[in-house]
Amino acid sequence: MYNKCVFMGRITNDLELRTTPTGVNVCTFRIAVDRRFADKDGKRQTDFFTVVAWRQQADYVCRWFGKGRMILVEGEMTTRRYTDKNNIDREVYEVVADRLSFTGEKVKQASDSGYYPDEPPSTPAPPSEQSASKEYNKDDYEQTDDDYPF
């Protein structure tokens with residue numbers, strides 16, 4: 001059997017890192033994902049998914065992401081049953097995140113409508129055997145289309 005889903009969408013709520021009574025970090029958030037096809041009026045419908053991130057993933061998403069930010073989520077779809085305060089049985093579908101990733105979206109600056117923290121470095125640091133006096137040049141570490149054999 002196989003249970004894997006991949007979503008790319010925007011986070012719809014403020015993130016809050018919580019800790020279980022046993023000391024495990026957890027972050028639950030929702031993402032809005034546009035459907036691939038537009039209706040006859042040219043509008044796309046949006047689906048909303050609840051994502052649950054545990055432990056280091058919870059710490060990571062709370063540190064580097066925020067409301068309105070685009071995120072790629074890989075995980076497993078799960079169901080959880082519970083009885084609400086009105087004694088009604090409920091079933092919830094959630095994506096338990098295995099991997100959370102940036103999407104290449106440009107980070108907004110503090111002067112924009114929202115503020116996002118700086119992303120972690122996406123280019124590798126220069127190799128340690130290079131001279132410490134050599135200036136770091138980002139272009140030396142980025143791939144171009146010419147680097148791929150196809």
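Two strands pair if DSSP finds at least two bridges between them, and helices (H or I, at least four residues) and strands (E, at least two) are DSSP runs, numbered from the N terminus. With that in hand, take Asp34: its bridge partner in E4 is Thr46.

Before we go on, a word about the model. It is predicted, so local features need a pLDDT of at least 70 and side-chain atom pairs count only at pLDDT 80 or more, while totals for chains, interfaces and linings use all residues. Residues are numbered from 1 along each chain as its sequence is written, and side-chain values use heavy atoms, with hydrogens and water left out.

Now for the overall plan. The chain has 1 helix and 6 strands, and reading along the sequence gives the pattern β-β-β-β-α-β-β. Of the 150 residues, 24% are buried, where buried means under 20% relative accessible area, exposed over 50%, and partly exposed in between (1.4 Å probe, protein chains only). Contact means heavy atoms within 4.5 Å; among contacts with a separation of 6 or more, 54% are between residues 24 or more positions apart.

Strand E1 (5-11) runs antiparallel to strand E3 (25-38), joined by 2 bridges, and here Ile11 stands opposite Ile31 in E3. Strand E2 (residues 18-19) also pairs with E3 in the antiparallel sense, over 2 bridges, with Thr19 opposite Asn25. E2 and E3 make a hairpin with 5 residues between them, and Gly23 in the turn has a positive phi of about 90 degrees.

On to E4. E3 and E4 run antiparallel and are joined by 10 bridges; besides Asp34 and Thr46, Thr28 has Val52 in E4 as its bridge partner. These two strands form a hairpin as well, with 5 residues between them and Gly42 in the turn at a positive phi of about 85 degrees. E4 also pairs with E6, in the parallel sense, over 2 bridges. Val52 turns up again here, standing opposite Val96 in E6.

A nonpolar core is a set of buried Ala, Val, Leu, Ile, Met, Phe, Trp, Tyr and Cys residues joined through side-chain atoms within 4.5 Å. The largest one in this chain has 19 residues, and Phe29, Ile31, Val61, Ile71, Val73 and Leu100 touch the most other members. Two or more residues each come from strands E1, E3, E4, E5 (70-83) and E6, and from helix H1. E3 gives the largest share, 4 residues.

Which residues does Ile71 touch, leaving aside neighbours within four places in sequence? Its contacts are Phe7, Met8, Gly9, Ile11, Phe29, Ile31, Val61, Phe65, Leu100, Ser101 and Thr103. Leu72, found in strand E5, counts as partly exposed because its relative accessibility is 22%. Not counting residues up to four places away, Leu72 touches Val6, Phe7, Met8, Arg99, Leu100, Ser101 and Thr103. Leu72 and Met8 are 64 residues apart in sequence, but 4.3 Å apart in space, C-alpha to C-alpha.

Next, the rings. Rings of Phe, Tyr and Trp (its six-membered ring) pair if their centres lie within 6.5 Å; planes under 30 degrees apart count as stacked, over 60 as edge-to-face and the rest as tilted. By this rule there are 4 aromatic pairs. In one of them, Tyr60 and Phe102 sit edge-to-face, 6.3 Å centre to centre with 75 degrees between the planes. Tyr60 lies in helix H1 (residues 55-64) and Phe102 in the segment after strand E6 (89-101), so this pair ties together parts that are 42 residues apart in sequence. Tyr60 is partly exposed at 26% relative accessibility, and Phe102 is partly exposed too, at 24%. Ring pairs link Tyr60, Phe65 and Phe102 into a cluster.

Finally, a word on confidence. pLDDT is the predictor's confidence in each residue, from 0 to 100; the chain averages 79, and 71% of the residues score at least 70. Over residues 110-118 the pLDDT is below 50, and this stretch has 14 contacts beyond near neighbours in sequence. Residues 121-150 stay under 50, and the model has 14 contacts beyond four places in sequence for them.
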